[in-house]
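Thanks for coming. I'll take you through one model, contact by contact. Please have the viewer open.

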Amino acid sequence: MAEQAGGKAQIDFLCVEDGCGGVVKFDLMSLAQDDFQVLCPKCHKPYQFDAELRGKLLKLRNLIMAVREAEPILGDCNVAVAV
């Protein structure tokens, strides 16, 4: 599905290991892969996401894909999201 979208959605955060300061980056579109793994590039700490966070990230991924799909009409309409 990510290949159909033809894009990337990079997520990054600071490593939580004391004194590391590395920036952990990953492509949100690759989150659905069974072998998905994130490592800090500086200290090589592995990160795993629990089911709740993974679910939220997948919802964000779906939202990004929906906005990309609607891009051709977004200039012709007003859009608002209330939460």
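One definition before we start: a residue is buried under 20% relative accessible area, exposed over 50%, and partly exposed in between. Also keep in mind that this is a predicted model.

Let's begin with the salt bridges. The count is 2. Take K56 and E52 to start. Their side chains meet in a salt bridge, at 3.5 Å from N to O. Where do K56 and E52 lie? Both are in helix α2, 4 residues apart, which is about one turn of the helix. K56 is exposed, and E52 is exposed as well.

Now the other bridge, K45 with E17. Here the closest N and O atoms are 3.7 Å apart. The cut-off is 4 Å, so the pair counts. K45 lies in the loop between β3 and β4, and E17 in the loop between β1, residues 10-14, and β2. So this bridge ties together parts that are 28 residues apart in sequence. How exposed are the two partners? K45 is partly exposed, at 25% relative accessibility. E17 is partly exposed too, with a relative accessible area of 39%.

Stay on K45 for a moment. Its charged end also sits over the ring of Y47, 5.4 Å from the ring centre. So please look at K45 with both E17 and Y47 in view.

Next, the aromatics. There are 4 aromatic pairs in the structure. I'll show two of them. One is F26 with F49: ring centres 5.5 Å apart, planes at 40 degrees, so the pair is tilted. F26 is in strand β2, residues 23-27, while F49 is in the loop between β4, residues 46-47, and α2. That pair therefore ties together parts 23 residues apart in sequence. Both F26 and F49 are buried.

The other is F36 with F49. This pair is tilted as well, with 6.1 Å centre to centre and 35 degrees between the planes. F36 lies in the loop between β2 and β3, residues 38-39, and F49 in the loop between β4 and α2, so this contact ties together parts 13 residues apart in sequence. F36 is buried, at 17% relative accessible area. F49 is buried, also at 17%.

On to the cysteines. How many disulfides does the structure hold? The number is 0. The cut-off here is 2.5 Å. Buried or exposed, then, for C15 and C20? C15 counts as buried, at 9% relative accessibility. C20 counts as buried, at 7%.

Last stop, the surface. There is a nonpolar patch of about 420 Å². Which residues make the patch? They are L60, L63, V67, I73 and L74. I73 is placed in helix α2, residues 51-74. That is the helix that also holds K56 and E52.

To recap: 2 salt bridges, 4 aromatic pairs, 0 disulfides, and a nonpolar patch of about 420 Å². That's it from me.

Technical notes
Residues are numbered from 1 along each chain as its sequence is written. This is a predicted model: local features need pLDDT of at least 70, side-chain atom pairs count only at pLDDT 80 or more; totals for chains, interfaces and linings use all residues. Side-chain values use heavy atoms; hydrogens and water are left out. Patches are made of residues with over 30% relative accessible area and no salt bridge: like charges are joined within 9 Å, nonpolar side chains (Val, Leu, Ile, Met, Phe, Trp, Tyr) within 5 Å. Accessible areas come from the Shrake-Rupley method with a 1.4 Å probe; for residues, only the protein chains shown count as cover. Helices (H or I, at least four residues) and strands (E, at least two) are DSSP runs, numbered from the N terminus. Buried means under 20% relative accessible area, exposed over 50%, partly exposed in between (1.4 Å probe, protein chains only). Rings of Phe, Tyr and Trp (its six-membered ring) pair if their centres lie within 6.5 Å; planes under 30 degrees apart count as stacked, over 60 as edge-to-face and the rest as tilted. A charge sits over a ring if NZ of Lys or CZ of Arg is within 6 Å of the ring centre and within 35 degrees of the ring normal.
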